[in-house]
Amino acid sequence: MSKPSPEEFIPSFRKKKLDEPGFLAKLARFAGRLGEPVVKQLYALYFLFKAPNTPKRAKMIILGALVYFFSPIDSIPDMLGPLGFTDDIAVIALVYSQMKNYLTDEIVLRAKQATDKLLGR
């Protein structure tokens, strides 16, 4: 019996929003409020999650952070103006710092390029 993949732990009502278009749509909507460093970290985590060589344990941790970012249910609701994303940013920053050892130069470059494109640079 094989172990389930990290993607199999996503609740069915969340799967639609965790696809690439859903990820990009939410990032595009809130990039200005999140700021460049957080957008870059989100892209890096997303690309790391999609990378085939990323260990499953790391993917599970990243998945938790991405699900939290996508979730409309937060400790601090996103619609509360500038404070709304503080919990999301804290989770993303914490997971990003834990995953730095797995980030390749290619993933960091792809995250920078995607961030620059999204922010129109």
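**Before selecting anything**

The model is predicted, so local features require a pLDDT of at least 70 and side-chain atom pairs a pLDDT of 80 or more, while totals for chains, interfaces and linings use all residues. Residues are numbered from 1 along each chain as its sequence is written, and side-chain values use heavy atoms, with hydrogens and water left out.

**Stop 1: the whole chain**

Display the protein chain as a cartoon. The chain contains 6 helices and 0 strands, and from the N terminus its elements run α-α-α-α-α-α. Helices (H or I, at least four residues) and strands (E, at least two) are DSSP runs, numbered from the N terminus.

Of the 121 residues in the chain, 40% are buried. Buried means under 20% relative accessible area, exposed means over 50%, and partly exposed lies in between, with a 1.4 Å probe and protein chains only. Contacts, meaning heavy atoms within 4.5 Å, can also be sorted by separation in sequence. Among those with a separation of 6 or more, 68% join residues 24 or more positions apart.

**Stop 2: helix 3**

Select residues 36-50, which form helix 3. Helix 3 has 15 residues, and its first and last C-alpha atoms are 21 Å apart, close to the 21 Å expected at 1.5 Å a residue. The expected span is 1.5 Å times one less than the number of residues.

How many of the 15 residues of helix 3 are buried? The count is 11, and the helix is mostly covered. Among these buried residues are Val 38, Val 39, Gln 41, Leu 42 and Leu 45.

**Stop 3**

Show the side chains of Tyr 43, Tyr 46 and Phe 47, which ring pairs link into a cluster. A pair of aromatic rings is described by the distance of the centres and the angle of the planes. Here, rings of Phe, Tyr and Trp (its six-membered ring) pair if their centres lie within 6.5 Å; planes under 30 degrees apart count as stacked, over 60 as edge-to-face and the rest as tilted. This rule gives 2 aromatic pairs.

Why does the pair of Tyr 43 and Phe 47 count as stacked? The ring centres are 5.8 Å apart and the planes meet at 20 degrees, so the pair is stacked. Tyr 43 and Phe 47 are 4 residues apart in helix 3, about one turn of the helix. Tyr 43 is buried at 5% relative accessible area, and Phe 47 is buried at 11%.

**Stop 4**

Select residues 56-70, which form helix 4. Its 15 residues should span 21 Å, and its end C-alpha atoms are 20 Å apart, which agrees. The buried residues of helix 4 include Lys 59, Ile 62, Leu 66 and Phe 70.

Select Ile 62 and look for its partners. Leaving aside neighbours within four places in sequence, Ile 62 is in contact with Leu 45, Leu 48, Phe 49, Val 95 and Met 99.

Ile 62 also belongs to the largest nonpolar core, which has 32 residues. Such a core is a set of buried Ala, Val, Leu, Ile, Met, Phe, Trp, Tyr and Cys residues joined through side-chain atoms within 4.5 Å. Phe 23, Leu 27, Leu 34, Leu 42, Tyr 43 and Ile 62 touch the most other members. Helix 2 (20-34), helix 3, helix 4, helix 5 (86-99) and helix 6 (105-118) each give two or more residues to this core. Helix 3 gives the largest share, 10 residues.

**Stop 3: the salt bridges**

A salt bridge is a side-chain nitrogen of Lys or Arg within 4 Å of a carboxyl oxygen of Asp or Glu, and the count is 2.

Select Glu 36 and Lys 40, whose side chains meet in a salt bridge at 3.6 Å, N to O. Glu 36 is partly exposed at 27% relative accessible area, and Lys 40 is partly exposed at 27%.

Finally, select Lys 112 and Asp 116, where the closest N and O atoms of the salt bridge are 2.8 Å apart. Both residues lie in helix 6. Lys 112 is partly exposed at 39%, whereas Asp 116 is buried at 16%. Leaving aside neighbours within four places in sequence, Asp 116 is in contact with Glu 36 and Arg 121.
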